[in-house]
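Please look at the model shown here, with attention to its strands, its nonpolar cores and its surface. The report that follows takes these topics in turn.

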Amino acid sequence: MSKSIHFFGQSVFGQLISLIDRLQVKQAVKKSASDFSCKGFYTWDHLVSMLICTVGNCNSLREVAAACLGLKGKTEHLGLQKLPKRSTLSDANKRRTPKVFELIYHGLLEKYRSFISDSRLKEIFGKDVYIIDSTTISLFKAILKCVGRKPKSGKEKGGIKVHTMLNADEQVPQLIWFTDARTHDILFWDKINFKKDAFYVFDKGYVDYLRYEKLCRDGIHFVTRLKDNATFETLTELEIPATVDTGVMKDEWIDLPIRKNGQIVRRLTLRRIAYWDDLQKRLIIFLTNEKEIDAGQIAALYKQRWQIETLFKQLKQNFPLKYFLGDNENAIIIQIWCTLIVNLLLTVIRERVKRKWSFSNIVSFARLHLFNHIHLIKFLED
């Protein structure tokens, strides 16, 4: 039998973690003091164990410990000091600060940003496009406060809300904030450093006319949707040129009332665009403070928001976010950060492959051949 032309001296998993800069991890450890009184199970060991959990789709501590047995005899090559037992990993997930995993993720994003970035959108719209949204991950225990009414059984499910800002050119989250599920989306705005040379796109969950007014005052451009029950007064109806997207039904400037204690204190002038989406057979009303670009481009700008929905779907379908390795908030947040790290690493792999594979197929391949010695890039290219 002939030898595989794709045989490689490093396992698929080894190739994945080779994308992580060890010096960067050491800096994150020092900044967060995550190895303080760690009793031999260091941050790097913890990170590798959780990455095995994520790529291998492990649903319990027992599965992770068993999967790590595949690294016996290879720990020196991977820089591991200790393979985890169930109790060791459980204690680390409970006690180690999630901040170190956050710093590792952002360090990796900074390192590979230019590689995974696609500047076509910036060329089209003239500015960076940032998409803001959130997703809720349901938990089987009421670890974090849930939303909605109490069920008849009396047992409430918990939920963690992942507030996210995504640069539409980069495919991966740029800013993330975790809260319990009933936290209002608009509070995420306090975490964002808004820039003038960018567009911010978000849905109706972020309606706050006072905040819209501040964005207008600061010269920051945004595109959102108008609520169905919003009251407004038309000021000027704009002419729709023949060259504009035929889906544009109306383009006008309107006055929206800003209320305080039920009383109208002042009015906010914004641009309202009515657009007929022929694909979904529905009328969509956009709201923006952008004056320069035409109504068709505003509609195209809002359509970029679906990228973040695709990202949420990608994370939930490909990684173990239904089962967590701990019943505490710390363990859950660590697991989500490690999922985001794996998502970023596999996105880098996907960009390196000349022949485009679907993301889910790359995840499946990595999972099936995690400890096999196959040259990942060459195999995927062939």
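## The hairpin of E7 and E8

In this predicted model, strands E7 and E8 form a hairpin with 2 residues between the strands, and within this hairpin Asn 261 takes a positive phi near 55°. Asn 261 belongs to the loop between strand E7, which covers residues 248–260, and E8, and the positive phi is found there although the residue is not a glycine. Most residues other than glycine have a negative phi. Asn 261 counts as exposed because its relative accessible area is 79%, where the cut-off for exposed is over 50%.

## Another positive phi

Gln 171, which is not a glycine either, has a positive phi of about 75°, and this residue lies in the loop that links strand E2 (158–167) with strand E3 (173–180). With a relative accessible area of 30%, Gln 171 is partly exposed, since that class covers values between the limits of 20% and 50%.

## A nonpolar patch on the surface

Met 249, Trp 276 and Leu 283 make up a nonpolar patch on the surface, and together they have about 310 Å² of accessible area. Trp 276 is found in strand E8, which spans residues 263–277. At 34% relative accessibility, this tryptophan counts as partly exposed, because buried would require a value under 20%.

In soluble globular proteins, nonpolar side chains tend to be buried together. The largest nonpolar core in this model has 96 residues, and those touching the most other members are Ile 20, Leu 47, Leu 51, Tyr 105, Ile 336, Leu 346 and Ile 349. Helix H12, which runs over residues 329–352, gives the most to this core, with 14 residues.

Which residues does Leu 47 touch, not counting those up to four places away in sequence? The contacts of Leu 47 are Ile 20, Val 25, Phe 101, Ile 104, Cys 338 and Ile 341.

Conventions: Residues numbered from 1 in each chain as written. Predicted model: local features only at pLDDT ≥ 70, side-chain atom pairs only at ≥ 80, totals over all residues. Heavy atoms only, no water. Core = buried A, V, L, I, M, F, W, Y, C linked by side-chain atoms within 4.5 Å. Buried < 20%, exposed > 50% of the residue type's maximum accessible area, 1.4 Å probe, protein only. Helix = DSSP H or I, 4+ residues; strand = E, 2+ residues; numbered from the N terminus. Contact = heavy atoms within 4.5 Å. Patch = residues over 30% accessible without salt bridge, like charges linked within 9 Å, V, L, I, M, F, W, Y side chains within 5 Å. Areas by Shrake-Rupley, 256 points an atom, 1.4 Å probe, with all protein chains shown as cover. Salt bridge = Lys/Arg side-chain N within 4 Å of Asp/Glu carboxyl O. Pairing = 2+ DSSP bridges.
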